Amino acid sequence: LVESVDVLRGPSSVLFGGGNLSGVGGAVNFVPKRAPVAGSIRSATVGFRTRGAGFASFDMGGRAGEEQRIGYRLNLGY
């Protein structure tokens, strides 16, 4: 469901509440997945994890309609 996660800390944390001496502060930025502006996305991943547990994930997205106004993004995982 998330395209990327950015964790801001260090000197940038002063801007987001970390200005005191405790050193606690910062920000977490979640960038949601969105339909691409041009073209489409079709991706599938299949693999194995520890103890033979398998996994599969599918990611599809694109745009449709007049002037490409309608966007869709579908993520499935097992």
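Let's start with the aromatic rings: the count of aromatic pairs here comes to zero. To pair, rings of Phe, Tyr and Trp (its six-membered ring) need centres within 6.5 Å; planes under 30 degrees apart would be stacked, over 60 edge-to-face, and the rest tilted. The model is predicted, so local features need pLDDT of at least 70 and side-chain atom pairs count only at pLDDT 80 or more, while totals for chains, interfaces and linings use all residues. Residues are numbered from 1 along each chain as its sequence is written, and side-chain values use heavy atoms, leaving out hydrogens and water.

**A charge and a ring**
- Arg 49 has its charged end over the ring of Phe 55, 4.4 Å from the ring's centre.
- "Over" has a rule here: NZ of Lys or CZ of Arg must be within 6 Å of the ring centre and within 35 degrees of the ring normal.

**The sheet**
- Three strands make an open, antiparallel sheet in the order β3-β4-β5.
- β3 and β5 are the edge strands, each with a single partner, so one side of each has no neighbour in the sheet.
- On average, neighbouring strands of this sheet are turned by 5° against each other, ignoring direction; the axes are lines fitted to C-alpha atoms, for helices over the stretch in contact, and angles between N-to-C directions run from 0 to 180 degrees.
- Strands are DSSP runs of E with at least two residues, helices are runs of H or I with at least four, and both are numbered from the N terminus.
- Two strands pair if DSSP finds at least two bridges between them; β4 and β5 pair antiparallel over eight bridges.
- Ser 57 stands opposite Gly 77 in β5.

- Asp 59 sits in strand β4 and is buried, at 12% relative accessible area.
- Buried means under 20%, exposed over 50%, and partly exposed in between (1.4 Å probe, protein chains only).
- The side chains of Asp 59 and Arg 73 make a polar contact at 2.9 Å.
- A polar contact is a pair of N or O atoms within 3.5 Å; within protein, one must be able to donate a hydrogen and the other to accept it, and residues adjacent in sequence count only if both atoms are side-chain atoms.

- Most residues other than glycine have a negative phi.
- Arg 51, not a glycine, has a positive phi of about 60°; it lies in the loop between β3 (41-48) and β4 (54-64) and is exposed at 88%.
- Glu 67 also has a positive phi, near 55°; this residue is in the loop between β4 and β5 (70-77) and is exposed at 66%.
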